[in-house]
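Dear colleague,

I am passing on the structure below, and my notes on its salt bridges and surface follow it.

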Amino acid sequence: MEFKRLSEAVEQLKEAIANFPVGATTLDDYKPTDEKIVDVRQSLTALNARKLTLHAIIDSGISSNEPQGDLIKSFQKLNESSTNYLINSKTLKLCYQSRAIQDIVYKGAGTPEIQEKVKACLNKLFMVNDKMTAKNEKRKELVKKQYQLKKEFHHAIYDHQEVLQEKEARKNQHLQETNPDIVQLKEKINRSIAKIYTMKKLITNLIAAMSEHLQDNEELIDMLSKHKEVINLETIIELTQKQNSGNG
């Protein structure tokens, strides 16, 4: 049970290190992108409200005395009113522009030169829109194909694992019938390998969390290099054979 908890903790540590933003040095850098966008929008809203307030004070020539009542509610109301004003003004501007284009295209407003330029711009806009639509449809097809390939890949891996497990089960059954001592020894070795592999992952993840110290500590780099290989029964047998041949 304790070994299982340790393995789960190592996987959580690995995921946290992998998802940590590159170059993050403060807690604000670790914020998700959507939260950063919300913070920027709130800051811009406050700045726009302050700008409009200063313009109003300058134009009217009044002083900036502290208002009466709840100051926080007054600022919130001012921010909301300023935001609505900016949105409405931009919306109204776009409506005027759209109406002007409709008058030029459908009602013949403006000079022939302006009509020709507007129609040329609209043709280019429609062509770009058609290209973007085609690219978007192609992207959807590629994403769908990628998902299908990933699904087939996972099924193939699962089937391959089942085949390997069946082979291993038949092999263990044969060994159990012919030489049960080897089966027990193999199970003991596999348990030891699982513990070693968990410790290797823990070491590499902890070193990865100290990435800013790697340049000044060659020992950490050497340790990463030593623990990068996967340990299994075959590698242990190979190492044992090399050691025996070296001693011979």
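In these notes a residue is called buried under 20% relative accessible area, exposed over 50%, and partly exposed in between (1.4 Å probe, protein chains only). The model is a predicted one, in which local features need pLDDT of at least 70 and side-chain atom pairs count only at pLDDT 80 or more, while totals for chains, interfaces and linings use all residues. Residues are numbered from 1 along each chain as its sequence is written, and side-chain values use heavy atoms, with hydrogens and water left out.

Searching the whole structure gives two salt bridges, the term standing for a side-chain nitrogen of Lys or Arg within 4 Å of a carboxyl oxygen of Asp or Glu. One of them joins the side chains of Arg-99 and Asp-103 at 3.4 Å, N to O; these two residues sit four apart, about one turn, in helix α3 (residues 71-106), helices being DSSP runs of H or I with at least four residues, numbered from the N terminus. Arg-99 is partly exposed, its relative accessible area being 48%.

The other links Lys-117 with Glu-113, also 3.4 Å from N to O. Both of these residues are exposed, and about one helical turn separates them, since they are four residues apart in helix α4 (residues 112-178).

Val-40 belongs to helix α2 (residues 33-60) and is partly exposed, at 47% relative accessibility.
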